Amino acid sequence: MKFSLTAEQQELVEKARTFTKEWVAPNAVKYDRSGEFPRDVCQEAFNQGFMNPAIPKKYGGVEESVLDTCLALEEICTGCSGIGTAIDANGLSQYPVIFAGNDYQKKKFLEPMTQELMFSAYCVTEPEAGSDVSRIKTTAKKIGNDYVINGVKWWITGGSVASWYFVLAKVDDKATGFIVPADTAGIIRGVKEQNLGQHASNTIRITFEDVKVPQEYRLGEEGDGFKIAMKTFDHTRPGIASGANGITKAALNIGLTYAKGRRTFDKKLISYQGISFKLAEMMTKLDAARYMTYLAADLFDQGEDNSRQAAQAKWYAAEVAMWSAVECCQILGGYGYTNEMPAEKLLRDAKIYQIYEGASEIQKMIIVAKLMRTREVH
Amino acid sequence: MLSDIMKLVDKFVNIFKKRLYGRTFFCPVCHLELSCHDTDENECMVCPLCGVVIELHETYGHFVPIVNDVEINRVQPKARLHPLATHLPLGLFPFALLGAFYLLIISVYTKTLGTGISAFPFASSIPVIDNLIFLFLLIAIIASALTFLTGVIDWKKRYGGRSYRVITLKIILSGLFLAVGLGTLALHLVVFEAGMIGFDSLISVLATIGYFGLFCAAMFILATLGHVGGYLVFGK
């Protein structure tokens with residue numbers, strides 16, 4: 001058992017940290033306030049190799065391990081988790097293609113993404129089907145060699161900028177995955193949602209009205225969709241946990257810097273246990289969340305089942321991020337409540353980690369489901 | 001169309017601002033945009049608007065301004081000539097420009113169509129308008145020189161002579177306005193004295209374009225100067 005990073009991983013972390021300090025954090029306020037999509041930052045991320053890390057080498061990608069992706073993402077999300085989501089969101093829709101796509105699909109949809117800056121989006125959630133994916137109402141009707149998709153997908157990250165979508169739809173009540181080019185007739189993109197946080201991340205509603213998709217764009221067999229969608233989460237949840245860890249790290253750094261600099265009652269804020277213990281707890285919880293994340297990522301890289309560990313990491317990291325953001329605001333006092341300081345943004349951004357890619361309650365259900373199949377916990 | 005123009009202007013302003021200000025942050029008390037280069041060797045600065053003493057820290061690319069003190073009794077020059085003087089050029093210059101455009105329209109119209117000047121409103125007042133333009137320009141330039149000097153006194157007294165990028169910008173723009181304004185005044189004398197206003201010959205075309213080019217540039221600088229000055233005094 002080793003707890004240290006390899007030289008290559010250390011180099012990757014340093015590179016991501018420099019990118020974060022030069023590109024992500026300095027633009028965080030700008031994109032948070034404007035709500036625009038951070039295309040220039042994404043372009044730089046693409047140039048520096050931080051986008052599309054999972055694409056196999058055969059299709060021009062770098063085929064980075066999930067652990068390496070997590071390490072880089074934690075750094076990027078320390079600068080801004082909204083921009084981090086914009087950079088990382090491709091992975092969610094790419095993985096179904098990597099996991100279940102054939103050579104033709106991978107060549108057609110993944111290869112171009114390694115050549116120029118492009119985006120893709122994962123269309124599973126619907127207004128009436130969030131955590132309960134099986135409730136989706138979107139249908140795909142087979143007509144000749146094509147499928148005709150009808151339905152509404154909601155909270156689609158990167159939906160406005162995507163060149164293609166992974167869409168989960170029911171074919172005769174069997175959930176099936178499709179790749180749908182974004183310029184297909186019948187796709188109606190809604191306006192950007194005004195969310196609580198992560199304003200840099202583009203989230204929209206997409207309506208599919210008689211969208212014709214050729215059979216060769218179907219992923220796997222009819223009925224494989226649910227399995228593909230769930231397997232994707234085993235891959236992406238450690239990344240989500242890393243994003244939450246990034247928020248915790250930012251909260252810790254901001255709180256620590258402030259506590260060391262601010263004076264009250266003629267003493268530095270950090271000299272009071274009421275404040276310093278918060279920082280000590282934050283650091284400890286961050287380390288715990290990190291190791292859970294790294295374990296979940298490493299298990300996936302080893303080809304082992306990581307469902308429980310990924311759920312644990314995602315749930316715990318999200319809880320720690322939310323708690324840390326609240327405590328960071330508390331350390332900053334009134335300054336933690338003003339939008340001219342970076343703390344309040346962390347609070348707004350952290351909340352979504354307890355909700356997307358499976359709410360915290362769903363993560364606990366996954367953990368319990370695994371426990372129910374266990375006779376003894378060792 | 002208008003939003004595209006605004007976006008383009010915004011882009012240029014941001015490029016310029018980035019070069020002069022570097023990275024910026026907002027005063028957590030009065031929300032004034034400040035440059036990270038405004039801090040002293042101890043990473044401290046006094047907000048020029050609200051007077052809080054800010055210790056600027058950077059962590060992971062995030063600026064964390066920490067307020068540990070405030071300058072309450074800030075020295076105010078007794079005779080506040082700067083704000084008085086600054087409004088003279090701001091008030092007179094636009095009227096001088098409007099008058100010059102009016103004379104240009106009359107000149108082009110009469111020279112092209114051969115119509116008599118009497119067809120225009122205020123025709124009998126044209127020499128007066130010409131003199132007024134000259135007078136407005138002259139007063140504006142003298143007042144802007146006075147604004148510059150009183151501004152320097154204000155900076156030394158009220159702002160303790162501390163280095164602020166926003167004040168540097170004001171000094172640069174003031175110098176620029178004086179130079180361009182004097183150029184406009186000189187060209188006004190030449191162009192109107194020689195009757196070169198209009199587009200009837202190559203020399204008059206060049207003289208008119210040069211004259212109005214300088215005039216508009218001076219107006220733009222003055223408007224920017226007023227905006228920056230107002231921002232420094234009143235904030236957002």
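The angle between two helices runs from 0 to 180 degrees between their N-to-C directions, with each axis being a line fitted to C-alpha atoms over the stretch in contact. With that in mind, this briefing looks at a predicted model in which chain A has 11 helices and 10 strands, while chain B has five helices and five strands. The points below take each chain in turn, then a pair of helices, and then the contact between the chains.

**Chain A as a whole**
- The radius of gyration of chain A is 21 Å, and this agrees with the value near 21 Å that a compact globule of 378 residues would have.
- Taken along the principal axes, the C-alpha atoms of chain A fill a box of roughly 80 × 50 × 40 Å.
- Of the 378 residues in chain A, 52% count as buried.
- When contacts in chain A between residues at least 6 apart in sequence are considered, 76% of them join residues at least 24 apart.

**Two packed helices in chain A**
- Helix H5 (residues 90–100) of chain A packs with helix H6 (residues 103–115) of chain A at an angle of about 155°, and their axes lie 10 Å apart.
- Because angles over 145 degrees count as roughly antiparallel, H5(A) is roughly antiparallel to H6(A).
- The crossing in which H5(A) passes H6(A) is left-handed.
- On the H5(A) side the contact is made by Asn90(A), Gln94(A) and Val97(A), and on the H6(A) side by Gln105(A), Lys106(A), Phe109(A), Leu110(A) and Met113(A).
- Sorted by class, this contact of H5(A) with H6(A) has four nonpolar, three polar and one charged residues.

**Chain B as a whole**
- Read from the N terminus on, the elements of chain B follow the order α-β-β-β-β-β-α-α-α-α.
- Chain B is more spread out than a compact globule, because its radius of gyration is 22 Å, well over the 18 Å that the globule rule gives for 236 residues.
- The C-alpha trace of chain B spans about 70 × 45 × 25 Å along its principal axes.
- Of the 236 residues in chain B, 28% count as buried.
- Among the contacts in chain B with a separation of 6 or more, 60% are between residues 24 or more positions apart.

**Where the two chains touch**
- The contact between the chains takes 20 residues from chain A and 13 residues from chain B.
- On the side of chain B that touches chain A, strand E4 (52–59) and strand E5 (62–70) of chain B each supply at least two residues.
- E5(B) gives the most to that side of chain B, with four residues.
- By class, the side of chain B that touches chain A has five nonpolar, six polar and two charged residues.

Notes:
Residues are numbered from 1 along each chain as its sequence is written. Chains are lettered from A and ligands numbered from 1 in the order in which they are written. This is a predicted model: local features need pLDDT of at least 70, side-chain atom pairs count only at pLDDT 80 or more; totals for chains, interfaces and linings use all residues. The radius of gyration is taken over C-alpha atoms; the globule rule is 2.2 Å times the number of residues to the power 0.38. A residue is buried if 20 or more other C-beta atoms lie within 10 Å of its own, exposed if 12 or fewer, and partly exposed in between; C-beta atoms are placed from the backbone. Two residues are in contact if their C-beta atoms, placed from the backbone, lie within 7 Å. Ala, Val, Leu, Ile, Met, Phe, Trp, Tyr, Cys and Pro count as nonpolar, Asp, Glu, Lys and Arg as charged, and the others, Gly among them, as polar. Angles under 35 degrees count as roughly parallel, over 145 as roughly antiparallel, 65 to 115 as roughly perpendicular and the rest as oblique. A crossing is left-handed if the near helix is turned anticlockwise from the far one by less than a right angle, and right-handed if clockwise.
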